Protein chains: 2
Amino acid sequence: MVAVQQEKNGHARILAAARTLFDSHGFHQTSMAELASEAQVSVGQIYRLFKSKEDIIEALVHDDADQWCKDMGALQVRLDSGELTIEQTFEQLLIQTIDEKDEALSFDILAESFRNGEVADTIGAMCQRFRVYIRSFACAANDRLSGEALDAAEEMLLACLFGLGHRSISRPRLSAEVAARRTAQMIIAALRGVQ
Amino acid sequence: MVAVQQEKNGHARILAAARTLFDSHGFHQTSMAELASEAQVSVGQIYRLFKSKEDIIEALVHDDADQWCKDMGALQVRLDSGELTIEQTFEQLLIQTIDEKDEALSFDILAESFRNGEVADTIGAMCQRFRVYIRSFACAANDRLSGEALDAAEEMLLACLFGLGHRSISRPRLSAEVAARRTAQMIIAALRGVQ
């Protein structure tokens, strides 16, 4: 039991160290030795838990995807129970998405996905999970949406979330709260205005 | 004159080679020697024209920004002359933006912008240039937009363009044409639906 717990702690420490180092120095510029030192484990222990550095990237993407899906699932419950209107649901979703953390790391991972099919598959699968929630939210805003119009709404919403998550690069003037509230209003108008 | 022309050719060849190599192998994983070989110039010639690899990245961003602004300026002329409606203008803008090329390179550059203030400033300045056009298009869709509502419209449009430019990572089902046409309709509804 102690060994299992230590392994679990090691796993979490390696991922936390990877998040810090990959974000500050870059994925390719971080060596396994630096990672081991930051995580206070041996290089051997990293290789017992992860096949490669790419494998660590995949674990980070999985962790993020799980967290985001948990957040979206919680919003769905609050929407279904009537606690939130659909406009408030989008506002909350945007607040959670805007000004994402670890942006340098995100972009490193996205660049890697174009050079590594496994990372691309992991990100593709993550987006599929998001699409289920996003589609459901789009239908909650306008239950006449279907077919191509619903597919297009899904694309537009994914694009907005991704873009606002990375808006810091464009030096935005509005606070996250104001941008989220006003974008939620525009999203509702967009979803209700389509044929 | 011949020397000037050779220098100009060298400059263009270095940028073209950088675009290819940085995109396929990564910015940090490409050495100046590899770049010189691909561009058929000497390493010394690269350093006569560019201070550093970061300087090359900045030149690439400037080139892209110039091209995008030229495209947006051309759309503005067609909109002003009445050749395009505002919905058609957004559709064309989206068609030009969707499924951007050199995506791995884009993400490498964006990651670098979080670790290098000069690259961040270059990207920030580029976005300022885009904002002028985007703001003008938003007002063409709804001339009552002003203040915070107009700022928010600008943020939402920038986010949509950025997100759709990188939609390939989410494995979209719709063609670029259909996504652009339908998103243009939703954008118009969004811009006209705000108070």
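Predicted model: local features only at pLDDT ≥ 70, side-chain atom pairs only at ≥ 80, totals over all residues.
Trainee: What makes B:Arg182 and A:Glu148 a salt bridge?

Mentor: Set the distance against the cut-off. The side chains of B:Arg182 and A:Glu148 meet at 2.8 Å, N to O. The rule asks for a side-chain nitrogen of Lys or Arg within 4 Å of a carboxyl oxygen of Asp or Glu, so the pair qualifies. Side chains of opposite charge can pair when their charged atoms come close.

Trainee: How many salt bridges are there between chain B and chain A?

Mentor: Twelve salt bridges are counted between chain B and chain A. Over all chains the structure holds 28.

Trainee: Why is A:Asp66 with A:Arg129 called a salt bridge?

Mentor: Same test. Their side chains meet at 3.0 Å, N to O. The limit is 4 Å, so this pair also counts.

Trainee: What makes that pair a link between distant parts of the chain?

Mentor: Look at where each partner sits. A:Asp66 is in helix α4 (residues 53-80) of chain A, and A:Arg129 is in helix α7 (residues 117-141) of chain A. They are 63 residues apart.

Trainee: How do you know which residues of chain B and chain A are in contact?

Mentor: Contact means heavy atoms within 4.5 Å. By that rule, 59 residues of chain B are in contact with 59 residues of chain A. The two chains bury about 4,700 Å² between them, with 62% of it on carbon and sulfur atoms.

Trainee: What else crosses the interface of chain B and chain A?

Mentor: The rule finds 19 residue pairs in polar contact there, with both residues at pLDDT 80 or more. Several helices of chain B each supply at least two residues of the side that touches chain A: α1 (2-25), α6 (103-113), α7 (117-141), α8 (147-165) and α9 (176-193). The largest share, 14 residues, comes from α8(B). By class, this side of chain B has 27 nonpolar, 16 polar and 16 charged residues.

Trainee: Why is the relation of chain B to chain A that of a two-fold axis?

Mentor: Check rotation and shift. A rotation of 180° with 0.0 Å of shift along its axis superposes chain B on chain A, at an RMSD of 0.0 Å. That is the relation of a two-fold axis. The same surface serves both copies, since 100% of the contact residues of chain B recur in chain A.

Trainee: What makes up the secondary structure of chain A?

Mentor: Nine helices and zero strands. The pattern along the sequence is α-α-α-α-α-α-α-α-α. The C-alpha trace of chain A spans about 60 × 40 × 30 Å along its principal axes.

Trainee: Which residues does UniProt list for "domain: HTH tetR-type"?

Mentor: The unreviewed entry lists residues 8-68 of chain A. That stretch is 80% helix and 0% strand, with its end C-alpha atoms 22 Å apart.

Trainee: Where does the annotation "DNA-binding region" fall?

Mentor: In the unreviewed UniProt entry, that annotation covers residues 31-50 of chain A. Here the chain is 75% helix and 0% strand, and the end C-alpha atoms are 14 Å apart.

Key
Residues numbered from 1 in each chain as written. Chains lettered and ligands numbered in written order. Heavy atoms only, no water. Buried area = accessible area lost by both parts, 1.4 Å probe. Polar contact = N/O pair within 3.5 Å; in protein donor to acceptor, adjacent residues only side chain to side chain. Helix = DSSP H or I, 4+ residues; strand = E, 2+ residues; numbered from the N terminus. Nonpolar A, V, L, I, M, F, W, Y, C, P; charged D, E, K, R; others polar. UniProt positions renumbered as here; feature names shortened; annotations may be inferred. Least-squares fit on C-alpha atoms with pLDDT ≥ 70 in both.
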